Amino acid sequence: MRRHKWRVFRAWQLKEDLREFYQGVHPDVADAYLRRWCTRAARSRIPSMVALARRIRRNFDGIVAAVRLGLSNSRLEGINARIRLIQRRGYGLTNLDSLTAMIHLCLGGITIDLPTDRPRSERSG
């Protein structure tokens, strides 16, 4: 593949190197690693990689800061998925206040003890 489909191989190699940036590069060398990656991507003359390198250079400081601080949007994506599930479950809700109340109830950490949850000895009647 390296000999016959060199563009595909080079694009795959650049993609894997960028993946390594997020998974295995120590935060102290993130700046230098990403600069080298952008240089290699720009020199590859693969249009999509050149455009990606340009985009990364425009947002360079933010990307390096995210790696140094260990930031990720995974928690936000998880909350968003749960909100969408609540929205699908509450298809018949007629107004936004009902949906907002369900989101607060499910994601707000509120615990409500129902009378049926108590042991029989504690129930009245």
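How many residues apart are glutamate 16 and arginine 19 in helix 1? I found them three residues apart, so about one helical turn separates them.

I'm working from a predicted model, where local features need pLDDT of at least 70, side-chain atom pairs count only at pLDDT 80 or more, and totals for chains, interfaces and linings use all residues. Numbering starts from 1 along each chain as its sequence is written, and side-chain values use heavy atoms, without hydrogens and water.

I looked up the salt bridges (a side-chain nitrogen of Lys or Arg within 4 Å of a carboxyl oxygen of Asp or Glu) and got four. Glutamate 16 pairs with arginine 19, with the closest N and O atoms 3.6 Å apart.

Next I checked helix 1 (residues 6–23) against helix 3 (residues 47–58): they pack at about 25°, axes 10 Å apart. They are therefore roughly parallel (angles under 35 degrees count as that).

For contacts (heavy atoms within 4.5 Å), I noted Arg7, Ala11, Leu14, Lys15 and Leu18 in helix 1 meeting Pro47, Met49, Leu52 and Ile56 in helix 3. I have those down as seven nonpolar, no polar and two charged.

Methods: Axes fitted to C-alpha atoms, helices over the stretch in contact; angles between N-to-C directions. Helix = DSSP H or I, 4+ residues; strand = E, 2+ residues; numbered from the N terminus. Parallel < 35°, antiparallel > 145°, perpendicular 65-115°, else oblique. Nonpolar A, V, L, I, M, F, W, Y, C, P; charged D, E, K, R; others polar.
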